[in-house]
Amino acid sequence: MSDVTTALLAGAIALALVVHLAWLARASRNRAMAAHAAEEASIRTVIADAVDVSDGTVGVVTWAGSWNERRVQVRTIVDTLATRKLPARWLSVSVTEPVAVPATFDMMMRPGSPTTFSNFDHLQHTLPKAPGFPAEAVLRTDLRGARFPQSLIASHLDIFAEGRAKELLITPNGVRIVWLLAEAERARYGVFRQAAFGGANLDPALVERLLTSASALRDAINRQERQVA
């Protein structure tokens, strides 16, 4: 085989490889766009006026709108921190309305390595737990000496009994619950280091359930505060 033929063959192989990689990239983008459209449609069955307000952070998609006359936010987060055994996809649901608490109250289940969805590790003060909180929960706040209606909060934690709810955050600006949607497929991540989550679709019933739980807790805290006042 002549040098010219060899060069032409090598060039053809390189071109074919480039075309194939471009096709794979385009197919991946198309799948991502279709998945995003499907999730937005699911969210709008619960939050009719949901708007994508994402800020461009890789792996994070945020929608905001109104639900039962309350401002709410739904966010999905892909957490690929190296300290995790497997990347995880989280669902964060917030009711962004005022809450009668004096500071930040953060309950994290089984805290270990840092996460991309929470500032829990930056809160300096650990709170003693009142009866009724899960054994695996750790409570923290950003204000030493702050007092929270812990017995009331503990009575609204049924959703944490299933093992997939990860965090309950209560601040003067709202209530947030973070839920584990899925962990990456072990085989694919182990070989290709790609975080694929299979059929982890966003279930409208789950979104509504988390909104209902967060909203009920907010209402109970505010109602108790008005009664005390």
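Colleague: Through how many residues does a hairpin join β8 to β9?
Modeller: This is a predicted model, in which local features need pLDDT of at least 70, side-chain atom pairs count only at pLDDT 80 or more, and totals for chains, interfaces and linings use all residues. Residues are numbered from 1 along each chain as its sequence is written, and side-chain values use heavy atoms, with hydrogens and water left out. Strands (E, at least two residues) and helices (H or I, at least four) are DSSP runs numbered from the N terminus. The hairpin from β8 to β9 passes through two residues.

Colleague: How many bridges join β8 to β9?
Modeller: Two strands pair if DSSP finds at least two bridges between them. β8 and β9 run antiparallel, and T171 stands opposite G174 in β9. The bridges joining β8 to β9 number six.

Colleague: Which residue of β8 is the bridge partner of D106?
Modeller: β5 and β8 run antiparallel and are joined by four bridges. In β8, the partner of D106 is L169.

Colleague: How many of the residues of β8 are buried?
Modeller: Buried means under 20% relative accessible area, exposed over 50%, and partly exposed in between (1.4 Å probe, protein chains only). β8 is largely enclosed by the rest of the structure, because its buried residues number seven of the seven.

Colleague: Is E97 buried or exposed?
Modeller: E97 lies in the loop between β4 (88-95) and β5 (105-109). Contact means heavy atoms within 4.5 Å, and the residues that E97 touches, not counting those up to four places away in sequence, include E69, R71, P172 and R218. With a relative accessible area of 14%, E97 is buried.

Colleague: How far from a polar atom of the side chain of E97 does the backbone nitrogen of R71 lie?
Modeller: A polar contact is a pair of N or O atoms within 3.5 Å; within protein, one must be able to donate a hydrogen and the other to accept it, and residues adjacent in sequence count only if both atoms are side-chain atoms. Between the R71 backbone nitrogen and that E97 atom, the distance is 2.9 Å.

Colleague: Which residue caps the N-terminal end of α4?
Modeller: A side-chain oxygen of the capping residue lies 3.0 Å from the backbone nitrogen of A205. The cap is D203.
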